[in-house]
Amino acid sequence: MLSDDILYLSVRELGGQIRSHKLSPVELTEAYLERAGRIGARLNAFATLTPDLAREQAKAAEAEIKAGKYRGPLHGIPYAAKDLLAVPGYPTKWGAKPYADQKFDYEATVIRKLREAGAILLGKAAMIELAGGMGYRFASASVTGPAKNPWNEGCWTCGSSSGSGAIVSAGLAAFALGTETWGSIICPSSYCGISGLRPTYGRVSRHGAMALAYSMDKIGPMARSAEDCGLILSVIAGFDPQDPGSLQAEPFAYPAKRADGQPLRIGWVKEPWGKDKKAETDAAAKQAIDLLANNGAAHVTEALLPEGPWEAAGGIVVAVEGAAAFGNLLDSGKVMDLADPIGHIGGYVGQHIHASDYLRAQRVRGILQKKMETIFGQFDLLAAAGEATTATPLDFKLDDPSLSFGDPIGGIGNLCGLPAISVPCGFHDGKPVSIQFVGAPRAEVNVLAAAVQFQALTDWHAKRPPVT
Amino acid sequence: MIPERSAPVSTRTVTRRDFAKGAAIAVAAATVPLAACNSSRGEENPEAEAIFHAILRQHPKLFNDDQKKELRAQIESTVEGLQKLRAYSLENWDEPAAVLHLSAASASGDVLAGSLQHAQAKGATNAE
């Protein structure tokens, strides 16, 4: 069996060994499957393992590579996909009991792209029910139970890409796919000490993915390094006529050089959690940004986010679109089968928000987009701590007053569809802390450049949790 | 979830975590203690009361008493968000932006310069 040292290698490192025939995709897949079955079950990390498919794909990859047909950096690389992405022949439960037996006979575009790149699907990652679309109060809001954080199994991974965070952090796969409507890639990446990239809205096709909020849902990679996120994005990005929100932009290539080669102009966000709120994670993130500045990688100045009801607007958009997306579930009353008490009622409120208020939220969104264009004329990136807290206990009430603070950078980023990455930058009380970089639409190259440069100067991303 | 510094209606805090954890739903911002969500409080907000009763009329047997309390709390939180949204000044020509719009320049690839030029061309006077 392969050692943990191998299983924790980055995608780029694994790919290099596979390409040079030093590592067998079949052996690698078996090792991850064994670990996923043993540790993954304890962490509630997977919704479904797909061992038959994984072994078939691994054998095919091995044969092709031996024959000299190397497809690229993901060829022979095992991964997990959030359980809201359609994979024919396997359940796609959306994390929720009412959909526990749901199967699709078609393949999500991202799953197809990864299959065509030679990646190996190990399983479907556990997730918060309906990606939190009906709201939730507890980490246990999932048909698979609460996902446990590999750094502290008494704590949560965050959600809604909860299993994806646990899987990458615990070395149960080389990478995972997550999705974000508001925080669902950035937060679990931060809590689990991994690198997670939220692409620009429309950059990655959502065909075959569960819809939560049509105008805000995004799919992105969660991996061991920012460089891996770039490699994975280069495979899964691209226009798809089957996704009405898909960007008609040129393909995303990685590695990609920034056009001007100058130090990044980074705006360090003052008050990222709202006025006067100090967070336990701010100090480590500030040290991280200072490191980039002191090494000449970035020119850092303070930035103020525009003021306005952005988070309220985002909340209304998600509430209304979520209520529409799950209208059948609400009308049937089967929403009462969700695990979380908040999930039983949230959608009904969303159904009663007036169209005029929804449109007002969209008009506010238009104003915010213009304001952010101006800000990104001054800065290449905005930066702040990835989250205001470290991982919370599994039984913690997520609406506890101690967590009542704003999330303007998350609200703005998601309402405007901006790309962002979270990368680990230290620890607080033994739990990971992160820094996030947020860029202009389609400026993933800047987001990745900052994170890659930071990881070249540090080894926080190489730390491993104490799971055996 | 709702920025307090721009709160024109209420100073009550609501949780960002409803979003940060992916819940992403205004109606789930139930940080109000349930005891504060009794009917007398609800009566102070006719809009919240109207929504509450509309939902109960539509689903008369769906909710137990505890769920009704949660429901009322979520409605009140949502109405607060709506009021903040409505307090923001909009002009006739402020069109909805249903999804991400790329400026012509950013769509052509020169994101940074493009963003600035576009903002200047549009006279983005809303900049802080």
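## Burial and the case of Gln362(A)

A residue is called buried when its relative accessible area is under 20%, exposed when that area is over 50%, and partly exposed in between, using a 1.4 Å probe and protein chains only. Because its relative accessibility is 2%, Gln362(A) counts as buried. This structure is a predicted model, in which local features need pLDDT of at least 70 and side-chain atom pairs count only at pLDDT 80 or more, while totals for chains, interfaces and linings use all residues. Residues are numbered from 1 along each chain as its sequence is written, chains are lettered from A and ligands numbered from 1 in the order in which they are written, and side-chain values use heavy atoms, with hydrogens and water left out.

Gln362(A) belongs to helix H13 of chain A, residues 355-378. Helices (H or I, at least four residues) and strands (E, at least two) are DSSP runs, numbered from the N terminus. A contact requires heavy atoms within 4.5 Å. Setting aside neighbours within four places in sequence, Gln362(A) contacts Ser215(A), Val317(A) and Glu321(A), as well as Glu95(B), Pro96(B), Ala97(B) and Ala98(B) of chain B.

## Chain A as a whole

Chain A contains 15 helices and 13 strands. Its radius of gyration is 20 Å, close to the 23 Å that the globule rule gives for 468 residues, so chain A is as compact as a globular protein of that length. This radius is taken over C-alpha atoms, and the globule rule is 2.2 Å times the number of residues to the power 0.38. Along its principal axes, the C-alpha trace spans about 60 × 60 × 45 Å.

Of the 468 residues in chain A, 69% are buried. Among contacts between residues at least 6 apart in sequence, 79% join residues at least 24 apart.

## The nonpolar cores

A nonpolar core is a set of buried Ala, Val, Leu, Ile, Met, Phe, Trp, Tyr and Cys residues joined through side-chain atoms within 4.5 Å. The largest has 167 residues, and those with the most contacts inside it are Leu130(A), Phe175(A), Leu382(A), Ile421(A) and Phe437(A). Helix H10 of chain A (residues 310-325) supplies the largest share of this core, eight residues. Apart from this core lies another, of 12 residues, including Trp156(A) and Ala391(A).

Beyond four places in sequence, the contacts of Leu130(A) include Trp94(A), Tyr99(A), Met210(A) and Phe326(A).
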